[in-house]
Amino acid sequence: MSRIGVAFDQARAEGRAVLVGCMPAGFPTVEGSIAAMTAMVEAGVDVIEVEIPYSDPVMDGPVIQRASDIALAGGVRVADTLRIVDAVAATGAPVVTMTYWNPVEQYGVDAFARDLAAAGGTGLITPDLIPDEAQEWLAASDAYGLDRTFLVSPSSTDARLRMTVEHCRGFVYATAIMGVTGARTQASAAAPVLVSRVRAVTDLPVGVGLGIGTGEQAGTAAGFADGVIVGSALIRCLLDAASLPAGLTALRELSAELAAGVRTPAS
Amino acid sequence: MSVDTPTATGRYPDAAGHFGRFGGRFVPEALVAALDELDSAWRTAMGDESFQTEFAALLRDYAGAPSLLYPAQRLSAKIGAQVLLKREDLNHTGAHKVRNVLGQALLTKRMGKRRVIAETGAGQHGVATATAAALFDLECVVYMGAVDTQRQALNVARMRMLGATVVPVTTGSRTLKDAMNEAMRDWVANVDNTHYLIGTAAGPHPFPALVRDFVRGIGDEARQQCLDLVGALPDAVTACVGGGSNALGVFHAFVDDPSVRLYGFEAGGDGPATGRHAASITGGSSGVLHGTRTYVLQDADGQTVESHSISAGLDYPGVGPEHAWLHDTGRATYRPVTDADAMAAFELLCRTEGIIPAIESSHALAGTVSIAPELAAELGREPVVVVNLSGRGDKDVHTAGEYFGVLDKE
Ligand SMILES: Cc1ncc(COP(=O)(O)O)c(C=O)c1O
């Protein structure tokens with residue numbers, strides 16, 4: 001079983017959900033992003049999702065776009081991302097990588113899988129790669145023992161949902177809303193329905209993301225999902241802060257709030 | 001990788017939208033259901049006589065099709081080729097693009113959707129979409145890079161007069177590719193009631209094939225008109241290539257005619273060697289952008305590189321996947337044309353024929369000028385060349401006026 005699977009099992013035994021926190025690699029700098037991800041782990045985030053910054057992130061809202069732009073303007077490379085994965089994996093927390101497909105394709109799918117595994121990464125979340133186009137990634141992830149997280153959506157048909165879940169390993173990513181990343185004030189009614197549809201076809205853990213930003217929302221999601229995925233709200237702690245230390249303080253506070261949230265699942 | 005030869009008989013792309021190793025779907029799962037719905041609506045429409053009749057009537061009565069095939073004799077004499085201009089510039093809204101938007105607007109209606117969104121660079125596709133939306137009584141939102149809304153204020157006003165909402169996009173490089181990103185984001189959130197009316201033969205399946213089907217009338221008409229006019233097929237067909245719709249539109253009818261050479265002219269900007277260009281096939285490499293695998297201008301990490309061209313309509317760092325495939329199979333030839341050569345051809349057509357072409361189309365003219373001697377040498381006679389004059393230059397008068405220094409100083 002992958003290290004992510006272990007984290008989900010542990011959380012399940014504790015009667016809570018896993019908290020997944022997302023940060024773009026190299027935001028605000030390579031060292032700053034390592035400090036941010038380490039702070040998140042120390043404050044109670046269970047799994048770190050390292051997003052590879054990409055020039056055309058069509059699944060991301062304004063917050064992640066801005067953070068990615070800052071990282072790219074700072075000159076972060078895909079190779080730096082692997083170094084970041086390595087550094088954060090050293091904290092002991094499982095590190096999953098989220099990436100649009102083109103950076104992997106240009107690195108070389110097999111080479112990327114090899115180097116990601118060597119860096120201690122657990123696998124990939126692929127927002128614009130559907131299993132239909134994933135032959136190379138299926139082979140490479142098998143070869144290097146990496147997890148594959150494809151996304152399912154409220155608009156997925158039953159047949160597609162089953163097919164997609166069959167190609168997943170580690171956990172399944174349920175996108176709670178029809179839309180892009182970014183914290184929302186309104187809870188999603190579609191999310192619990194989607195999670196139960198996934199549960200009907202698999203024993204894999206299900207993470208819910210898109211729109212979650214507060215401890216209360218995390219608690220609500222923890223009431224029906226195995227994992228709660230938070231990105232934009234955490235990133236905003238750094239974007240809005242006057243300095244990196246101030247940002248890290250805010251990041252720790254929100255991480256702790258979210259960690260408390262996933263420990264008090266709404267029923 | 002497919003080594004099959006391209007054919008116009010409708011066997012390509014495959015069911016999943018692949019043209020050899022290109023095309024396909026690289027999209028968020030949230031969009032797959034809508035793409036499947038579109039795929040099925042398109043296939044049904046293609047086989048449905050009532051759709052075809054309605055589309056043909058719109059093209060004829062509203063857009064002005066068939067467009068003329070005009071023997072440009074003074075130009076021909078200057079360049080040593082018998083040039084037949086496919087006058088898409090005479091269509092309503094001034095370009096080939098009206099064919100695509102009318103087809104997609106009809107499909108939108110058939111799918112029961114009430115809202116269309118579009119991306120636009122110079123504003124040509126935005127204006128065409130706003131036009132069709134007005135005609136079909138659809139809500140219309142057009143995404144346009146903030147750099148472009150400033151450069152093309154007149155087209156912004158045209159879209160607004162037609163009832164569309166224009167949203168300036170302030171992310172990334174603030175140009176066409178970012179407008180396309182923003183349209184995709186809108187679509188993910190509103191896919192239930194919204195059709196994304198893509199402006200060129202790019203994007204995820206079924207767009208490349210669907211757009212080709214709606215613009216292929218250009219080539220179907222030109223082929224027959226050429227046979228009527230000169231009693232033979234042309235030796236070559238030429239077009240400019242941005243995303244690739246006007247080029248595919250004119251190429252498609254000739255793909256199965258081995259004697260007809262197909263030339264696509266990309267925007268070479270300052271010259272491919274300078275790095276400041278938009279020639280994705282000549283100067284790019286295989287990658288994934290905006291939902292499809294194709295040739296892309298990118299760095300070693302797969303980050304999209306900004307394109308440069310004097311022509312806003314060609315200023316895009318990707319190209320439709322069918323062109324990538326026509327290039328790989330050798331069925332079509334792609335060459336870059338610099339800004340300077342395009343502007344020289346712009347002036348040439350103005351002065352020889354009294355036709356002000358779009359700067360996009362001027363790339364096709366310049367390319368034709370450059371291949372005429374090669375073709376003549378190869379054939380041992382003057383070649384017959386169909387040039388797709390994809391649009392008129394009214395929108396470019398300001399750019400051209402500055403370029404040639406013919407604007408009065410205030
Ligand atoms: C007149 C004209 N020609 C050509 C193009 C390029 O598009 P495509 O390559 O899809 O034909 C444009 C785009 O705006 C245009 O306005």
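Trainee: How do the axes of helix α10 and helix α12 of chain A cross, and at what angle?
Mentor: First, keep in mind that this is a predicted model. The axes of α10(A), residues 215-222, and α12(A), residues 244-262, cross at roughly 30°. They come within 7 Å.
Trainee: Is α10(A) roughly parallel or oblique to α12(A)?
Mentor: Roughly parallel, because angles under 35 degrees count that way.
Trainee: Which residues make the contact?
Mentor: From α10(A), Gly215(A), Ala218(A), Gly219(A) and Ala222(A). From α12(A), Glu257(A), Leu258(A), Gly261(A) and Val262(A). By class, the residues divide into four nonpolar, three polar and one charged.
Trainee: Is the crossing right-handed or left-handed?
Mentor: The crossing of α10(A) and α12(A) is right-handed.
Trainee: Next pair. What about the axes of α3 and α11 in chain A?
Mentor: Helix α3(A) covers residues 62-73 and helix α11(A) covers residues 232-240. Their axes come within 9 Å and cross at roughly 50°. That angle makes α3(A) oblique to α11(A). The crossing of these two helices is left-handed.
Trainee: Which residues meet there?
Mentor: α3(A) brings Val63(A), Ile64(A), Arg66(A), Ala67(A) and Ile70(A). They meet Ser232(A), Ile235(A), Arg236(A) and Leu239(A) of α11(A). The classes come out as six nonpolar, one polar and two charged residues.
Trainee: Over to chain B. At what angle do α5(B) and α7(B) pack?
Mentor: About 10°, with the axes 9 Å apart. Helix α7(B) is residues 153-161. The two helices are therefore roughly parallel to each other.
Trainee: And which residues make that contact?
Mentor: Gln124(B), Gly126(B), Val127(B) and Ala130(B) come from α5(B). Asn155(B), Arg158(B) and Met159(B) come from α7(B). The contact has three nonpolar, three polar and one charged residues.
Trainee: Now a single residue. Where does His125(B) lie?
Mentor: His125(B) lies in α5(B), which runs over residues 124-136.
Trainee: Buried or exposed?
Mentor: His125(B) is buried, because its relative accessible area is 5% and the cut-off is under 20%.
Trainee: What does the His125(B) side chain reach?
Mentor: The backbone nitrogen of Gly199(B), at 3.3 Å. Along the chain, His125(B) and Gly199(B) are 74 residues apart. Their C-alpha atoms are separated by 5.8 Å.
Trainee: Which other residues does His125(B) touch?
Mentor: Leaving out residues up to four places away in sequence, His125(B) touches several residues, among them Lys97(B), Asn100(B), Glu119(B) and Leu197(B). Gly199(B) is one of the residues touched too.
Trainee: What about Ser361(B), where is its place?
Mentor: In helix α15 of chain B, residues 359-379. Ser361(B) counts as buried because its relative accessibility is 0%.
Trainee: Which side chain does Ser361(B) join in a polar contact?
Mentor: That of Ser390(B), at 2.7 Å. Setting aside residues up to four places away in sequence, Ser361(B) touches Cys240(B), Asn388(B), Leu389(B), Ser390(B) and Gly391(B).
Trainee: Last one. How many residues of α9(B) are buried?
Mentor: Nine of its nine residues, so by the under-20% cut-off this helix, residues 207-215, is mostly covered. Among the buried ones are Phe207(B), Pro208(B), Arg212(B), Asp213(B) and Phe214(B).
Trainee: Thanks, that helps.

Note on methods: Residues numbered from 1 in each chain as written. Chains lettered and ligands numbered in written order. Predicted model: local features only at pLDDT ≥ 70, side-chain atom pairs only at ≥ 80, totals over all residues. Heavy atoms only, no water. Helix = DSSP H or I, 4+ residues; strand = E, 2+ residues; numbered from the N terminus. Buried < 20%, exposed > 50% of the residue type's maximum accessible area, 1.4 Å probe, protein only. Polar contact = N/O pair within 3.5 Å; in protein donor to acceptor, adjacent residues only side chain to side chain. Contact = heavy atoms within 4.5 Å. Axes fitted to C-alpha atoms, helices over the stretch in contact; angles between N-to-C directions. Parallel < 35°, antiparallel > 145°, perpendicular 65-115°, else oblique. Left-handed = near helix turned anticlockwise from the far one by under 90°. Nonpolar A, V, L, I, M, F, W, Y, C, P; charged D, E, K, R; others polar.
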